[in-house]
Amino acid sequence: MQKISALLHRFPRWAAMGAGALSAYGFEPWGLWPLTLVCFALLIHLIAHAPNTKHAFILGWLFGVGHFTFGNQWIAVAFTFQAAMPIWLGYIAVVALALYLAVYPALAAAGAVWIRQFAAKTPPPDRDDVRNGAATYSLILSFAGLWILTEWLRSWVFTGYVWNPLAVGFVSHWFDLWLPTIGTYGVGGLMILASGAMALLGSRRWTNGFVLAAIVGVAILSSAKIYVTEPSLSTRTAVTVVQPNISQADKYAPGYDVINFAKLAMNSRPLPGQAPRLILWPEAAIPDYLEDGYPYPYYQRQAGESAAGARARLTTLMADGDVLVTGANRLIFEKRQLVAARNSVSAMDAFGRILGHYDKAHLVPYGEYLPMPWLLKPLGLARLVPGSLDFWPGPGAQTMTVTVDGKPVKIGMQICYEMIFSGQTVDRNNRPDFIFNSSNDAWFGTIGPPQHLAQARLRAIEEGLPVIRSTPTGISAIIDADGRILQSLPLGKDGRIDAFLPRAKAPTFFARFGNVIPLAFAGLLIVLALLPLAQRRASR
């Protein structure tokens, strides 16, 4: 242990970056979550020995560069579907994104060291001995609190990008018992406390380490799920989840419209004796415009078929009482000039009547719109989604009510990566019966889809709501309100899931109050970090 510690202190920056890279392998599809805890323990050990906030910032930033580069490596795959840009640009994009995202753990690390130094004029520790137990606790508690704050900031600064929050590596493990109470960001702070205990034990501070480990253990064991199940619908609602296995390369290829529709149709028609159901299709499942009123030339892309004709074709796949919910783009005109589009989900009944729309609110920068086009277009950069027309965002989380077999069903809508935003997925004033995540994970290679699925499971546990995902190539799934995958379709397979909608739970504590709870938890940790050292300083 002493030799390892000496090596770490000889090359702290390389150790930080290497630990960050390894920590990403706690996420899906690898699932090596104990490795993530160890890597964060190593980061805590390194910043505990940092002589000042500048060094701590650098160590946290290098850790973040490794962590986010390997955690977001699936992004490079998306560039293989855009002929306007070279493939190698995808790898540059991954690293460039990591350079920015690494600022957040850097701020948490530097802030933790600053709080330790502010609370008491404690000199930086030498080698492996943390001279002051209170200073050590201050660092760990403040780092956990600041980690919560920086993950929350990462969810909305510059429109937000919070893929793979720390808690997602621990879904299905004991730590997720706290998700209904303190949410994803709060559980991330709890993970930091667990890693802090490991760092103390690794530094042979046995008493401090075991005390902190015991506190974390008691907290986990005390978080039994006490939320009761809501009364189910009077008759269970049938659903058909469709996965057509349409690759991104074939989605917009000339002549593939007929083939793609045939794949959707094959997995959508009613089975003999099947009850009226919700038919759930992926994001942008069809190229058709389902709304009337557009100038006629815009329907010519559908071989002259009108919106009414497109809807009539869809009704041939439906039985009486069925409702189809599908991804389909909408257009926005101003004075008969096309100005933008919306990435939408539309619901339609078996008579071809449009029941409602949901417009995606969290659009993907460089995917669905190009920031600073005046600068980036001359450099040869383009959106990943084909076409030159930017998408406009919708108003945010909404609930759509449809009638299936004479019964109202309330659907919470979230399109694709909107599911990663904790506390932003449900209309709290109109709580749905479940969340439908219509997604296109065909962009994401083999690493992105299981990570996306894991984050959908976080939303189910946080909100106490079932989640149903439909994607073109996988992983489509039905997830219950406890985050368990009841049924799923694997990557690269076409098929359908015929099931009944799982029951929702009563609103969880997090569902009632949202991210106020983890932010309050972060504040509590920072206050606790300051108290013991402030008291000691006052007594001198």
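Where is Ile475 found? Ile475 sits in the loop between β11 (467-470) and β12 (476-479). This is a predicted model, and in it the peptide bond from Gly474 to Ile475 is cis. Its omega is near 10 degrees.

Another cis peptide bond joins Glu28 and Pro29. Here omega is about 5 degrees. Pro29 lies in the loop between α2 (12-23) and α3 (33-48).

Now the chain as a whole. The protein chain has 17 helices and 14 strands. Of its 540 residues, 56% are buried. Among contacts with a separation of 6 or more, 70% link residues 24 or more positions apart. The chain exposes about 22,100 Å². Carbon and sulfur atoms supply 64% of that area.

Next, a helix pair. Two packed helices are described by the angle between their axes and the distance between the axes. The axes of α4 (residues 53-71) and α6 (residues 88-101) come within 8 Å and cross at roughly 140 degrees. That angle makes α4 oblique to α6. The crossing is right-handed. From α4, the contact uses Trp61, Val65, Phe68 and Thr69. From α6, it uses Val94, Val95, Ala98, Leu99 and Leu101. By class, eight of these residues are nonpolar, one is polar and none is charged.

Two backbone angles also deserve a look. Asn164 is not a glycine, yet its phi is positive, near 55 degrees. Asn164 is in the loop between α8 (133-154) and α9 (179-202). It counts as buried because its relative accessibility is 4%, and the cut-off is under 20%. Ala284 also has a positive phi, about 50 degrees. Its loop runs between β2 (277-280) and α13 (307-315). Ala284 is buried too, with a relative accessible area of 14%.

Definitions and conventions:
Residues numbered from 1 in each chain as written. Predicted model: local features only at pLDDT ≥ 70, side-chain atom pairs only at ≥ 80, totals over all residues. Heavy atoms only, no water. Axes fitted to C-alpha atoms, helices over the stretch in contact; angles between N-to-C directions. Helix = DSSP H or I, 4+ residues; strand = E, 2+ residues; numbered from the N terminus. Parallel < 35°, antiparallel > 145°, perpendicular 65-115°, else oblique. Left-handed = near helix turned anticlockwise from the far one by under 90°. Contact = heavy atoms within 4.5 Å. Nonpolar A, V, L, I, M, F, W, Y, C, P; charged D, E, K, R; others polar. Buried < 20%, exposed > 50% of the residue type's maximum accessible area, 1.4 Å probe, protein only. Areas by Shrake-Rupley, 256 points an atom, 1.4 Å probe, with all protein chains shown as cover.
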